[in-house]
Amino acid sequence: MYPALQELIYQAECDYLQTEDIENLKTEVSTLKQRINVYKTLRDNEVEIFQKIANQLLDKLPKEKLNEIQSCLLQWLSITRYCSMAMILNNPEFLERRLLEWLTDIVEVHQTQSTSQMLHSLLMSRLGEFLSESDITYIEPFLSQANNYLSSQSAVTN
Amino acid sequence: MISIANLIEEKSLKGNYFAPSAYLQGDYEIGLLETRGEGRLIALPEVFLQGVFAGLNQEVGQATGVVLYNCGRWWGRNFFRRFLEETTAYYEVPLPQMEMAQFLSCFKQCWKTHGWGVLSFDFEYYGQGFISVSTVNSPFAQAAPKNQQFACQLEAGILSSFLSELTGEDLACIQTTCESLGASENNFVIGLKERIEVIKSFVEEGHEHAHIMKLLSQ
């Protein structure tokens, strides 16, 4: 589950952890509290964060079909939930296996990649209203991972 | 106006049911491997599959492919039932309301998590009544004797009955390339039996898969 911790546990199978490993362990544990706080903020403000994004999308894309915008919003609601858990676990693979691999085919069929990218950038600026700059650094890599994964996979197939 | 609160209320936000770390479970104490839906799983060692090919070859010779295909057909029907039960229960959507893209994505993930390789669909010829499927890293092609004959009849059987159950048509499946014969992937064509029967002669004439698809659609 926690790859960084798992690796330390394996190393400790036959030996004491060395100073450097202990430092890694400390970092992992000490940032966990902050990551949980970010998680709670995202969880408690989910509707508020995304409602504004939904309104912005409708303004920016007046010609786009309503159900396509809705699917895109659903995808990103889901992505943000999985990113939040991946952030707590500090595990990009969790996000890839539990969501992205499976979601890519669905996004491709809907052809919503450009709306999806727009949504990602609206989300990033919206998060700035709820999280401090340092807090954003915890969740940002996972949201970027999702955005890059979905756009690069569809580029491969096209 | 889109209401996010309503969207969250009405729609599922669930991800990949078949993610290996979530799907493969078991009660190791009593020697059970299970799916997260409590269906029993067993691991088939490569030597067992090699034994199946060797044993069948000795007992039924040329008919090996037909036997494996029919086993696959039977397996596929039950596999479809279990797949459907698990996915519709998890996503809380009956099959007719499940989006096809989601259904197929689940199927591909399921295939992969069971260790049967990576599966892809090609619907370019769907309008003409054919579905093309490819798999890579097939455990059956890997265990089969090399450079002898097509080795993925089990998979062909599974695919034919799975898609027959899904579409309500009696579909058959014929393999056109095989990793055991040195190809980079295994290709299959699925369609009505009388319409794809001709593929066997195209394969015997040595046509490539892409060319066979063109010939079929003419």
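# Reading a predicted two-chain model

Author: Chain A contains seven helices and zero strands. Please keep in mind throughout that this is a predicted model.

Reader: What pattern does chain A follow along the sequence?

Author: The pattern is α-α-α-α-α-α-α. The C-alpha trace of chain A spans about 60 × 35 × 20 Å along its principal axes. Of the 158 residues in chain A, 46% are buried. Contacts between residues at least 6 apart in sequence can also be sorted by separation: in chain A, 77% of them join residues at least 24 apart.

Reader: Turning to chain B, in which order do the strands β1, β2 and β3 lie, and is the pairing parallel or antiparallel?

Author: Strands of a sheet pair through backbone hydrogen bonds, and the pairing may be parallel or antiparallel. In chain B, three strands form an open sheet in the order β1-β2-β3, with antiparallel pairing. Its edge strands are β1 (24–27) and β3 (40–41), each of which pairs on one side only.

Reader: How many bridges join β1(B) to β2(B), and how many join β2(B) to β3(B)?

Author: Four bridges join β1(B) and β2(B), and two join β2(B), residues 32–35, to β3(B). As particular examples, B:D27 has B:L32 in β2(B) as its bridge partner, while B:L33 is partnered by B:L41 in β3(B). β1(B) and β2(B) form a hairpin with four residues between them, and B:G31 in the turn has a positive phi of about 75 degrees.

Reader: How many residues of β6(B) are buried?

Author: Seven of the seven residues of β6(B) are buried, so this strand is largely enclosed by the rest of the structure. β6(B) pairs with β7(B) in the antiparallel sense over six bridges. Within β7(B), B:V189 stands opposite B:I174.

Reader: Strand β5 of chain B holds B:S134. Is B:S134 buried or exposed?

Author: B:S134 counts as buried because its relative accessibility is 11%, and the cut-off for buried is under 20%. Leaving aside neighbours within four places in sequence, B:S134 is in contact with B:V118, B:L119, B:S120, B:E185, B:N186 and B:N187.

Reader: Where in chain B do B:E86 and B:R82 lie?

Author: Both lie in helix α4 (residues 64–91) of chain B, four residues apart, about one turn of the helix. B:E86 is buried, with a relative accessible area of 9%, whereas B:R82 is partly exposed at 30%. Elsewhere, salt bridges that share partners join A:E93, A:E96, A:R97, A:E101 and B:K112 into one network.

Reader: Which side chain of opposite charge is nearest to A:E68?

Author: The nearest is that of A:K65, 5.3 Å away; A:E68 is buried yet has no salt bridge, the cut-off for one being within 4 Å. A:E68 belongs to helix α4 (residues 66–89) of chain A. Not counting residues up to four places away in sequence, A:E68 touches A:H110 and A:T112.

Reader: Finally, how many disulfides does the structure hold?

Author: A disulfide is a covalent bond between the sulfur atoms of two cysteines. The structure holds zero disulfides over all chains. For A:C83, the nearest cysteine sulfur is that of A:C72, 14 Å away. For B:C71, the nearest is that of B:C152, 15 Å away. B:C71 is partly exposed at 40% relative accessibility, while A:C83 is buried at 0%.

Technical notes:
Residues numbered from 1 in each chain as written. Chains lettered and ligands numbered in written order. Predicted model: local features only at pLDDT ≥ 70, side-chain atom pairs only at ≥ 80, totals over all residues. Heavy atoms only, no water. Disulfide = S-S within 2.5 Å. Buried < 20%, exposed > 50% of the residue type's maximum accessible area, 1.4 Å probe, protein only. Pairing = 2+ DSSP bridges. Lys, Arg positive; Asp, Glu negative; His and termini not counted. Contact = heavy atoms within 4.5 Å.
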